[in-house]
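Student: I have a chain open here and would like to go through how its elements pack. Could you guide me?

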Amino acid sequence: MGKSHRAAGTPARPFEKRPDRKPARAARKLPANTPPVELTVTALGVRGDGLAEAGGKRYFVPLTVPGDRLLVRPLEETGDGIRAEILELLEAGPDRREPPCPSFGRCGGCTLQHLTDTAYRAYKQALLLDAVAREGIDPELIAGLVTVPPHSRRRAILVARKLAQGTVLGFHEHRGHFIVDIEECTVLAPALMAVLPPLRALLDRLLPAAGNARATMLSLDGSVDLLLDLPEMPDLAGREALAGFAAEADLARLSITIEGGTPELLAERRAATLSFSGIPVAVPPGAFLQATPEAEAALLEAVLAGVGEAKNIADLYAGCGTFSLPLAAKGAAVHAVEGHAPALEALAAAARKAGPSVKLSVEKRDLAGDPLAEDELDRFDAVVFDPPRTGARSQAAALAKSQVPVVVAVSCNPATFARDMRLLLEGGYRLERITPVDQFLWSAHLELVAVFRRA
């Protein structure tokens, strides 16, 4: 279980900014003597918080389920309603269960472990249904939810802080800056969990008093890759400690950055590779990957089925080749477009090593600011795009004007997907199928693959 401590000056560093939202009205902290409120939760919101009405006001209460009758403490008021915390659970709703993780309720990594399996699946399905409902999408076009097992997360970002009583290493608390020291985790792969004890001991030696660090961990083909973001450059003794830790933890590779700078390789004991359709890619330190291999397999299956027999395919936001290489391995000519140079270089090198049978070209391009135009798109039989949480508004608008026969959209945000989908539908595409994939277990996030065809 472990300790919780506030990491002063260490924000949660979300992956992306929240998309397409008007600037939120500043939250107004409520006085400490604000009277408690009794209410009953009626639904769950898009962030997983319980929703309730009381005294003509809307309340958001984390870690609740529909049917919970609660006594809550109002904390702050925003333009959307009042955020509150549980003081007492007066009566449990029918969908509440005992969460499997001892850190649940403090750790912000999981927010929905207290839901029964049936209620949890229904909530995830509803996230997608609600997002696309405004476009009149037939619910029959949405496939059943693809789930992943516990202990399968192969990519994780943890934070650490040096305290007088020892270094804490884990995840931020729910909507806060305290760090929950992780000794058990129900989502991380065993290979990542095995690194935590020696990493905690290492950081206890390296970090200055009150110093912060950030660890990006990847479980690759049989070994772990670690990128450490440190507050200062280690001295000779520190470098020796890092090298010793890499051997003790049996890492494939250990790299460091100083306050988010350029990664420096400290130890490479074997190749840090991940294979896509049997083609190994030497991934850059801290590379973006699909978070679980099971979800990656489900996404890839839906993508391959969507493009069908297309022979000339563009893979936009291609990353290290999650979809590009399997598409090329099937015999298609693939043009991979990506804005992150290290990922694109790794993909290009992997394709070259695979030989002439893998027909793949690459292009470095910021698709948010410089999307492929319709005349560039029209030479492709199919286009796959997998943008960040902010979606692909500009690229979707260009696709809507194109004559590409098939578009396969991969998304990690149903809200921005719905916006991009609207552009494609207005441009004459027909939605064929959406496959939801629950990649981030027990969170309010949802992945999906949608197939569109020219009507």
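This is a predicted model: local features need pLDDT of at least 70, side-chain atom pairs count only at pLDDT 80 or more; totals for chains, interfaces and linings use all residues.

Student: Which residue of strand 24 is the bridge partner of threonine 147?

Tutor: The bridge partner of threonine 147 is aspartate 438.

Student: What sheet do these strands belong to, and in what order do its strands come?

Tutor: The sheet is open and has eight strands, in the order 9-24-25-23-22-19-20-21. Its pairing is mixed.

Student: Which strands stand at the edges?

Tutor: The edges are taken by strand 9 (146-147) and strand 21 (360-364). Each has a single partner strand, so one side of each is left without a neighbour in the sheet.

Student: Which strands does helix 1 touch?

Tutor: Helix 1 packs on the sheet and touches strand 9, strand 24 and strand 25 (447-454). The direction of helix 1 makes about 155° with that of strand 24.

Student: And helix 10, which strands does it lie across?

Tutor: Helix 10 lies across strand 23 (406-411), strand 24 and strand 25.

Student: At what angle do helix 1 and helix 10 pack?

Tutor: Helix 1 (residues 117-132) and helix 10 (residues 414-426) pack at about 35°, and their axes are 9 Å apart. The crossing of helix 1 with helix 10 is right-handed.

Student: Which residues make that contact?

Tutor: Helix 1 contributes Leu127, Leu128, Ala131 and Val132. From helix 10 come Pro414, Ala415, Phe417, Ala418 and Met421.

Student: How many of the residues in the contact of helix 1 with helix 10 are nonpolar, polar and charged?

Tutor: There are nine nonpolar residues, with no polar and no charged ones.

Student: Turning to helix 9, how do helix 9 and helix 10 cross?

Tutor: The axes of helix 9 (residues 393-401) and helix 10 come within 8 Å and cross at roughly 15°. The two helices are therefore roughly parallel to each other, and their crossing is right-handed.

Student: Which residues make the contact there?

Tutor: On helix 9 they are Arg393, Ala396, Ala397, Leu399 and Ala400. On helix 10 they are Arg419, Asp420, Leu423 and Leu424. The contact of helix 9 with helix 10 comprises six nonpolar and three charged residues, with no polar ones.

Student: Let us change topic. What about helix 3 and helix 4, at what angle do they pack?

Tutor: Helix 3 (residues 196-206) and helix 4 (residues 236-248) pack at about 175°, with axes 10 Å apart. They are therefore roughly antiparallel to each other.

Student: Which residues meet in that pair?

Tutor: Pro198, Leu199, Leu202, Arg205 and Leu206 in helix 3 meet Gly238, Ala241, Leu242, Phe245 and Glu248 in helix 4. By class, the contact of helix 3 with helix 4 has seven nonpolar residues, one polar and two charged.

Student: Now the domains: how is the chain divided?

Tutor: The assignment gives domain 1 (28-96), domain 2 (122-149 + 289-454) and domain 3 (155-272). The C-alpha centres of domain 1 and domain 2 lie 37 Å apart.

Student: One last region. In what sense do strand 5 and strand 6 pair?

Tutor: Strand 5 (residues 50-54) and strand 6 (residues 57-61) are antiparallel and pair over five bridges. Within this pair, glycine 50 stands opposite valine 61. The two strands form a hairpin with two residues between them, and glycine 55 in the turn has a positive phi of about 60°.

Student: And which residue in strand 8 stands opposite tyrosine 59?

Tutor: That residue is isoleucine 82. Strand 6 and strand 8 (residues 82-91) run parallel, joined by two bridges.

Methods:
Residues are numbered from 1 along each chain as its sequence is written. Side-chain values use heavy atoms; hydrogens and water are left out. Axes are lines fitted to C-alpha atoms, for helices over the stretch in contact, and angles run from 0 to 180 degrees between N-to-C directions. Helices (H or I, at least four residues) and strands (E, at least two) are DSSP runs, numbered from the N terminus. A crossing is left-handed if the near helix is turned anticlockwise from the far one by less than a right angle, and right-handed if clockwise. Contact means heavy atoms within 4.5 Å. Ala, Val, Leu, Ile, Met, Phe, Trp, Tyr, Cys and Pro count as nonpolar, Asp, Glu, Lys and Arg as charged, and the others, Gly among them, as polar. Angles under 35 degrees count as roughly parallel, over 145 as roughly antiparallel, 65 to 115 as roughly perpendicular and the rest as oblique. Two strands pair if DSSP finds at least two bridges between them. Domain bounds come from an automatic or database domain assignment.
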